[in-house]
Amino acid sequence: MSKLKALARKVFLLDILQGLAVTLRLYFSKKSTVPYPEKVKLPAERFRGIARLYRDEKGEPLCIACKLCQHVCGTKCFDIEGERDAASKRMKPVKFDWKLERCSFCSLCVEVCPTRAIRFSREFRMAAVDKGSLLFHLPEMYLNGEDLQNFLCAGCRE
Amino acid sequence: MAFKDIELNMGPQHPSTHGVLRLKLTVDNEVVLKVEPVIGYLHRGMEKLWENLTYTQIVPLTDRLDYLAALSNNLAFALTVEKLAGIEVPKRGRYIRIVLAELQRLASHLAWAGFMANDIGAMSVLLYGFEAREDILDVFEEYIGARLTVHGIRIGGVPRDLDEALVSRIRGVLSGIPRRLKDIRALLDENRIWKQRTVGIGLISAAEALDFGLTGPALRASGVNWDLRKSIPYSSYDEMDFDVPLGSRGDVYDRYLVRMAEIEQSIRIVNQALDKLPPGEFMAKVPRVLKIAPGQVFQTIEAPKGVLGFTIKSNGTDKPERVKMKSPSFINLQSLEHMCRGNLFSDVVGILGSMDIVLGEIDK
Amino acid sequence: MSPAVSDFVIPVAKIAAVILYPMVMVVVMIWLERRVVALIQGRLGPNRVGFQGILQPVADAVKLFFKEDIIPRQADKLLFNLAPILVMFSSLLAFCFVPLGEPLRIGSYTLTLWIAESPVGLLIVLGLSSISVFGVIFGGWASNSKYPLMGALRSVVQVLSYEIPTGLTVLSVVFFARSMDMVEIVRRQEAAHIWYGFMLPVSFVVFWISAVAETNRAPFDLPEAESELVAGYHTEYSGMKFAYFYMAEYTHMVLASSLVVILFFGGWLPPFPGVKFLAFLHAVPGFVWYLIKIMFFLYLYVWIRATFPRYRFDSLIKLVWKWLIPLSLINLLAVVAVRYLL
Amino acid sequence: MLDVPADRPALREVHEALTGRFPDSVLAGSFEKGELAETIRAEDLLPVLRFLRSEHGFNCLDDLIVLDNVRLPEAPAKRFSVLYQLYRFPGDVRVRLVVDVGEDEPLDSVVPIYRSADWAEREAFDMFGLRFRGHPDLRRVYLPDDFDGYPLRKDFPLEGKGDGL
């Protein structure tokens, strides 16, 4: 019986028609791509986007320049100088260079930081035109990942 | 001019060599006489790098070996270091590792299904395979924050716990995959063109496969029942019950069927692991600076591409003395010439696709 | 209607229309192909340039126009430049004989919707469409590199082999319609109140399969198999020359669809010619029906391309010599037998 | 003499068979972390491998590893040690053969016994400069043929030599 069925399938092109039926059904299926610049898929909450330094409620930098991140980083992205702030007797970073081009987003620095000063933001757009702009200094480190939030919220796109 | 043996270059920039592989083919009017793979275009000197990094710094580098199955590489390296340092991973950690490794196998096989079908011309299957894979990458993104270079398995266990929301999301993803699989199978399994392009092509018998050191789905397609998760269980795979799909002829079609069946088995494993997820710790106490007494160990796992193994020799410091990686695709690629000889030029593309090799893992 | 107008202006206008018609169809086809393949594959497809990406082909054309026109160093200059022209020229010329609709009466002058009507129109069209094989060979050979050469050789064998079943199935239709003139064939179908597609289903299927193969379209797109020969015979072409090859392929597809529509689905006839109460369909001009049918077959081309894997070269040739040619021969004999016995 | 613990009878049996059959060629054996490693003289490599493959069913060569011991505190007489990871399929028995090799002392190629060693030996040559007698086509597998130096040697600088590729 199966031999006859196989012959019937072959002669009446059943496997061809079956294939066409599948693609026809999928032709009307829901599309999974999103028109990028207009509609942006917000990355997950723990997304490892561009690194960013955070401040505490009073605006004081959380980072105490302990250079743990610099030691743990496998690709040596950090170059940190710290000094003791005369008033608050607390160490704070004077120079905090971070090379985005070398970073492999392994999150070892985020996990080792004692004061949770450095964390990954959800900003995934990191293209740059020249190498210089891939080197982030202290002031910029506080602004990284700022604009994705307002980019999304500005037009209520998400 | 007789169109006698001409030497044809396929790659390293060729649409279907899955990375930077160059095949020097000696072709007599489309019949392949000799195939010589030339590799090394993606050689980053990983093993030299590893000798100058600490154990925890090496783990993110292993993501970049088989970049379609980053978590499997992490798992293999982590298991080797744990065996060397005598670290005992808690039960919950082992189960979460099984969930992650099998999800990674699903993602790798789905990407493979897309590539292979596209190499043989069925371009839509590429998108269906990748669409199914996207959901799995979303799970990784929610779990640890990265999609491809996940770095989601650490020495001593897993960095984060699977909370309820993530478990239900994984189950949702798993329930969606069979539907897409049915579409792919409907398009390919019984299709006469597909069968003509794959049945009886790239044959390798069980004995030859073993002699060539072939491992993974390509070996099981020849009927050899060797799945490391069964023969040398690791990370409590022995508490999972699943069966090992086997082929019979060892041709491209069997390799296709074996991998499609393995997708279903992996879904089964993940569901079991989620059902039996024990409470408790998911990460062992590992000192921040891990110094390991001198010693040497060899540990292997069943990666999506085959048996992936690490040999680590420690010298008491926090940096390994030597790390050698046994790459399945590197060894599997050796048998390509044996499979391609006598077939036509367009079959080389199909056979290469069925081998499921990844150049990052070959070139290290 | 002064003779100057009817003898000069109208023919020139018609010729311009015949050249413009495939161009417009090519633009529509480029957009249709990218869009339909995208939708089948679950993605949105071009929707950036113009409304829903309709200007995308224009953007492509402009891009190709300004792209640098590279000629490989040891390429055979003459053949290299001649190839695209040959491929394009042969398919455009064939459109002169394709009747697009019922002749229109404007005042005293009857405007015939085709340029030339000849009793052997069908034969000319088939002959012209096989000239493009020369273009492919010259292109492949002149590029002086291995992949285009292999693509060209494959294409030669494929197109020539598939001309035989095309010829035989066309023969069965001609036998039924008793004439080689395409207009006559459509008229015969109108008279017989039934389309030949339903009378000769086997011929239709065989003709359609060989039409797909002759235009080097999936699943027979061996000559320009992306995953094997990179881009087959037009690998070394860029800029406007590549655009010529690109347009020629689509023009061939439109030509093949027109042939199928005229031979098997009654050119400009409204559907269900026999049924009385559907007569209101006649109100719609013939040209529109012709276009609808062509669009369906063009859609079918793309639909097939997105669904099936690619044949291997030897199975493709085995298919034509072992299955299609014997089938079309038997079918021809059957048609002859039926015609005479009835 | 090595005391393979009782819970691994297969390894114990392989160890006894090996030391029994090749008493003088097995220089030392070690059993750590559940793995059996036998150090063998270079000349007896092929006979031992054939013995293990034919009589004891070790039909798979999992991996071929090369260690550069020049920086070890007690630098051994011979600089390199080549390790052969053997595996018996089916089952879970693994044995590691260790062969110590001098810097430019060629070693017998095992390709006649295990075809999968072909590229592994080419990689060993590419990275360490070890020569394998009888190898069908000993060329560099990763690096271009005109690359001078062997990168994985300890004395090869991490940053690479010269202008770098």
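How many residues does the contact take from chain A and from chain B?

1. The model is predicted. Chain A puts 19 residues into its contact with chain B, and chain B puts in 20 residues. On the side of chain A that touches chain B, helix α2 (residues 14-27) of chain A gives the most, with six residues. Sorted by class, that side of chain A holds nine nonpolar, seven polar and three charged residues.

2. Chain B also meets chain D. Here 29 residues of chain B are in contact with 26 residues of chain D. Two elements of chain D, β3 (60-68) and α3 (117-128), each supply at least two residues of the side that touches chain B. β3(D) gives the most, with six residues. The side of chain D that touches chain B has 13 nonpolar, four polar and nine charged residues.

3. Now helix α6 (residues 164-188) of chain B.

4. Which residues of α6(B) are buried? They are Ile170(B), Val173(B), Leu174(B), Arg180(B), Leu181(B), Ile184(B), Leu187(B) and Leu188(B). An α-helix has 3.6 residues a turn, so residues three or four places apart point the same way.

5. What do the buried residues of α6(B) pack against? Within chain B, the partners are α4 (91-119), α5 (123-143), α7 (192-198) and α11 (252-275). From other chains come α2 of chain A and α12 (286-307) of chain C.

Note on methods
Residues are numbered from 1 along each chain as its sequence is written. Chains are lettered from A and ligands numbered from 1 in the order in which they are written. This is a predicted model: local features need pLDDT of at least 70, side-chain atom pairs count only at pLDDT 80 or more; totals for chains, interfaces and linings use all residues. Two residues are in contact if their C-beta atoms, placed from the backbone, lie within 7 Å. Helices (H or I, at least four residues) and strands (E, at least two) are DSSP runs, numbered from the N terminus. Ala, Val, Leu, Ile, Met, Phe, Trp, Tyr, Cys and Pro count as nonpolar, Asp, Glu, Lys and Arg as charged, and the others, Gly among them, as polar. A residue is buried if 20 or more other C-beta atoms lie within 10 Å of its own, exposed if 12 or fewer, and partly exposed in between; C-beta atoms are placed from the backbone.
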